[in-house]
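Here is a short tour of one protein model. Keep the sequence and the 3D view open as you read.

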Amino acid sequence: MNLYILVEDGKSGHKIIDHWIPLLLPSITRAPTIDEMTENQYVIFSGLGYPRILGTDATSPSKNVLGQTIETINDTQKIDYLLIFLDGDEEGTERRTEIVTQKIKSYPKPLTCPFVIFVQNKCLETWLLGNRDFFPAQPSEKFLPFLTHYNVSSSDPEYMENDLSRRLVSTSSLYHERYLRCMMQENGYRYSKSRPAPIMYTEAFINGLKGRITETHHLSSLQSFFNFIDQLKTSKS
């Protein structure tokens, strides 16, 4: 089984997913390029932002990352699944899934493999906020405004909106990033878009997220990803 993975951003999302896939699917390894791909491998590419994935010219489907991806997959005939990871941002998971699905179906040459779209609600940082192992037991003064606004340890991070009273950032996604950065600092870790904390690459971190989902049924957009991985494992057995 071979996977083609397209991630919206070339920073934290790309790095996190790239590290998670071999942990979640141990029988799969990363191929350097799609030309060098053999069996049970994956390739991962960045769309360098949501607008570039869709493209700016609606009349030319090939002039966008998604169109180029479809051409590559159709030409090589090596891929069993196309996996697409996007931020939901303010648009939401359903609407963003609908837009990208319509874009794929509008392409002149049909995609020759199944595709699955995972829209993070609201962003990758939202998923990472779900690991309660890193929620501070004794919050500092710096963290208290985040905690007062919304407690991601007890409430579903996917429902956290921007803190308009503080006006730190313009969108909920950016606020989630700020929240995560401060939360990790409380535990002695650094987080940034370009350099996630290496602890986030580990199986222990993934298990913390899985435990949160099992205990609370929070993080439904992340659960859909884990459920799909389980289906892949079942189909291979």
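Which residues in α1 meet which residues in α8? On the α1 side they are W20, L23 and L24. On the α8 side they are E203, F205, I206, L209 and K210. Bear in mind that this is a predicted model.

## Two crossing helices

Two packed helices are described by the angle between their axes and the distance between the axes. Helix α1 covers residues 12-24, and helix α8 covers residues 203-216. Their axes come within 10 Å. They cross at roughly 85 degrees. That angle lies in the range from 65 to 115 degrees, so α1 is roughly perpendicular to α8.

What classes of residue make up the contact of α1 with α8? Six residues are nonpolar and two are charged. No polar residue takes part.

## Aromatic rings

How many aromatic pairs does a search of the whole structure find? The count is 17. A pair of aromatic rings is described by the distance of the centres and the angle of the planes.

Take F134 and F205. Their ring centres are 5.3 Å apart. Their planes stand at 40 degrees, so the pair is tilted. The two residues come from distant parts of the chain, 71 residues apart. F134 sits in the loop between α5 (124-129) and α6 (144-149). F205 belongs to helix α8, and F205 is also one of the residues that meet α1.

F134 has 11%, so F134 is buried. F205 has 2%, so F205 is buried too.

Ring pairs also build a cluster. Its members are W20, Y81, F85, F118, W127, F225, F226 and F228. Look for W20 again: W20 is among the α1 residues that meet α8.

## Charges over rings

Which residue lies over the face of Y50? R96 does, at 3.8 Å from the ring centre. A second case involves R166 and F146. The charged end of R166 sits over the ring of F146, 5.0 Å from its centre.

Start with V7, in strand β1 (residues 3-7). Its relative accessible area is 2%, so V7 is buried. V7 and G47 are 40 residues apart along the chain. Yet their C-alpha atoms are separated by 6.0 Å. Leaving aside neighbours within four places in sequence, V7 is in contact with G13, H14, I17, I44, F45, S46, G47 and F85. F85 also belongs to the ring cluster.

Next comes E125, in helix α5. Is E125 buried or exposed? Its relative accessibility is 1%, so E125 counts as buried. Beyond its neighbours within four places in sequence, E125 is in contact with S12, H176, E177, L180, Y191 and K193.

T101 lies in helix α4 (residues 93-106). T101 has 17% relative accessibility, so T101 counts as buried. Which residues does T101 touch, not counting those up to four places away in sequence? They are F115 and I117.

Finish with N207, in helix α8. Its relative accessible area is 41%, so N207 is partly exposed. N207 and N131 are 76 residues apart along the chain. Their C-alpha atoms are separated by 8.7 Å.

Technical notes: Residues numbered from 1 in each chain as written. Predicted model: local features only at pLDDT ≥ 70, side-chain atom pairs only at ≥ 80, totals over all residues. Heavy atoms only, no water. Axes fitted to C-alpha atoms, helices over the stretch in contact; angles between N-to-C directions. Helix = DSSP H or I, 4+ residues; strand = E, 2+ residues; numbered from the N terminus. Parallel < 35°, antiparallel > 145°, perpendicular 65-115°, else oblique. Contact = heavy atoms within 4.5 Å. Nonpolar A, V, L, I, M, F, W, Y, C, P; charged D, E, K, R; others polar. Phe/Tyr/Trp six-rings, centres within 6.5 Å; stacked < 30°, edge-to-face > 60°. Buried < 20%, exposed > 50% of the residue type's maximum accessible area, 1.4 Å probe, protein only. Lys NZ or Arg CZ within 6 Å of the ring centre and 35° of its normal.
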